[in-house]
Amino acid sequence: APTSAAACLNLDDFEKAAETLLKSKAWAYYRSAADDERTFSWNRDAFSTIRFRPRVLRNVRPVDLTTSIVGHRSTMPVYISPAAMGRLAHTEGEKCLARTAAAHGIPYIVSANSSVSFEDLAAEVPKDTLLFYQLYVNKDRAKSEDILRRVAQAGYKAICVTVDAPVAGKRERDERTKLDDAAAADLSTQASVRRAPPNAPDGPQDKKSQGIAQGLGSLPFTRRLPANCQPTPAAASESVAAAMFSYVDPTLSWADLDWIRRASNGLPIIIKGIQCAEDAALAAHYGAAAIVLSNHGSRQLEGAPSSIETLLEIRKFEPQVFEKLEVWCDGGYRRGTDVLKAIALGARCVGFGRPFMYALAFGDEGTQRVATILREELKQNTRLLGATKMSEVLPSMLNTTEIERN
Ligand code: FNR
């Protein structure tokens, strides 16, 4: 496995590096997927079944990867997906991701269960950084309203409501890697750090508790979990995921979107976790600015389709959706060519989850390099495909016969 960020030539190299460098608890939490991990495989398999139909002799010297994402300019059709618990891998955790988004001019959707508070992240980067906030609605709606108000105040530019996780999926890798006895004993002596995630509605936002979070030090090399996951003694036998989802309101429904829009002061709403054409049409009906075709990195419902399959389904049954909102995708994307396949089918942009989390094993250097590799791959392959900008990447540049036969 590569031992430095510079030695990683592609995103899969970061996965190999992370498996050897991260503590087993961090690796198990990041890598885990639901049930028998079939959807995990489908997310990747979808790309193997699609061929390109490249065009030639088209003067591809200039190449422009920029695109518009909910009204903001992004330097490429790529963003950092919301993923919890960055500090399991690195002391700076999500700060590395925010700085990478700022340096590369791409969006970063901060997780509701981030291990650095959303306010601290906003303070870390220039004001024009494309920070979006991912919301899990609290059973106590007033707490969510308070968060949305503060998110808008902190300068976040959109709200991403994740709708595929009313409860956590069954992730056995994560369940198997329980806290060992030494870690549990260590934590039980720290009564003051038994708290919810800093961004979760009950979480610590005060300086004192953030100090405690920082005091946890270089997490990969200690036996401790970060502040947002300090388990109660009972939670020592729980998976990280189960411990994190306890506040999420499973009663959320379409009618609540209006309330979220009002509470967030009119920020654009992105609905993350759309998995069929009917729900894509409903999201348009309820006024979402964007939807993310996502199976949550195959961590929720086993048997859910890959985003490419959902994209094809929307093209077939609800094609008008593409005129009404932006369609984003995530799940299993690892190459510039994967991104180009989604763009050709009408996606606006593509999110990356695990690759950035794995890259946290190398801190900023790792996360910056993931974005650089994606930019280089996108530039090179856009040209090889015969296009010079994203609007020239068209459905006719793909052969989808095989995937559509299934
Ligand atoms: C996630 N994901 C996620 N999604 C979300 O809306 N809120 C969250 O807090 C998290 N947390 C989270 C943690 C970890 C470790 C992973 C791997 C994923 C899902 C994430 O946003 C995205 O949908 C997937 O990660 C995309 O798939 P890939 O790129 O990981 O294959």
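**Figure 1. R299 is a buried residue in a predicted model.** R299 has 28 other C-beta atoms within 10 Å and is therefore buried. The structure shown here is a predicted model. R299 lies in the loop between β9 and α13. Leaving out residues up to four places away in sequence, R299 touches S32, A33, A34, G169 and R171. Two of the residues in this view, R299 and R171, carry the UniProt feature "binding site", taken from an unreviewed entry.

**Figure 2. H296 sits in the loop between β9 (290-293) and α13 (307-317)**. H296 is buried because 26 other C-beta atoms lie within 10 Å; the threshold for burial is 20 or more. Its contacts are D164, A165 and G273, with residues up to four places away in sequence not counted. The unreviewed UniProt entry annotates H296 as "active site". The "binding site" feature from UniProt (unreviewed entry) also includes H296, along with Y29, Y136, R171 and R299.

**Figure 3. The ligand is surrounded by 25 residues**. Which of them are closest? They are S81, T162, G297, G353 and R354. Helix α2, strand β11 (349-352) and helix α16 each supply at least two residues of the shell. By class, the shell holds twelve polar, nine nonpolar and four charged residues.

**Figure 4. Helix α1 (residues 11-21) has buried residues L11, F14, E15, A17, A18 and L21**. These residues are on the same side of α1 because they cover an arc of only 170° around the axis. What do the buried residues of α1 pack against? Their partners are α2 (24-31), α16 (354-359) and α17 (363-385). Helix α2 and helix α16 also contribute to the shell around the ligand, each with at least two residues.

**Figure 5. The largest nonpolar core has 114 residues**. Y108, I159, I270, I291, L311, A347 and A361 have the most contacts inside this core. Helix α17 gives the most to the core, with six residues. A361 is in contact with A17, A18, L21, L22, A89 and G366, leaving aside its neighbours within four places in sequence. Among these contacts of A361 are A17, A18 and L21, which are buried residues of α1.

**Figure 6. L312 is found in helix α13**. Is L312 buried or exposed? L312 counts as buried, because 20 C-beta neighbours lie inside 10 Å. A residue needs 20 or more such neighbours to be buried. Apart from residues up to four places away in sequence, L312 touches L345, T400, I403 and E404. L312 and C276 are 36 residues apart in sequence. In space, the C-alpha to C-alpha distance between L312 and C276 is 9.8 Å.

**Figure 7. The protein chain contains 18 helices and twelve strands**. This overview sets the close-ups in context. The chain has 406 residues, and buried residues make up 52% of them. How many of the contacts between residues at least 6 apart in sequence join residues at least 24 apart? The share in the protein chain is 74%.

Terms used: Residues are numbered from 1 along each chain as its sequence is written. This is a predicted model: local features need pLDDT of at least 70, side-chain atom pairs count only at pLDDT 80 or more; totals for chains, interfaces and linings use all residues. A residue is buried if 20 or more other C-beta atoms lie within 10 Å of its own, exposed if 12 or fewer, and partly exposed in between; C-beta atoms are placed from the backbone. Helices (H or I, at least four residues) and strands (E, at least two) are DSSP runs, numbered from the N terminus. The arc is that of the directions from the helix axis to the C-beta atoms. Two residues are in contact if their C-beta atoms, placed from the backbone, lie within 7 Å. A residue is near a molecule or strand if its C-beta atom, placed from the backbone, lies within 6 Å of it. Ala, Val, Leu, Ile, Met, Phe, Trp, Tyr, Cys and Pro count as nonpolar, Asp, Glu, Lys and Arg as charged, and the others, Gly among them, as polar. UniProt positions are given in the numbering used here, feature names are shortened, and annotations may be inferred rather than shown by experiment. A nonpolar core is a set of buried Ala, Val, Leu, Ile, Met, Phe, Trp, Tyr and Cys residues joined through C-beta atoms within 7 Å.
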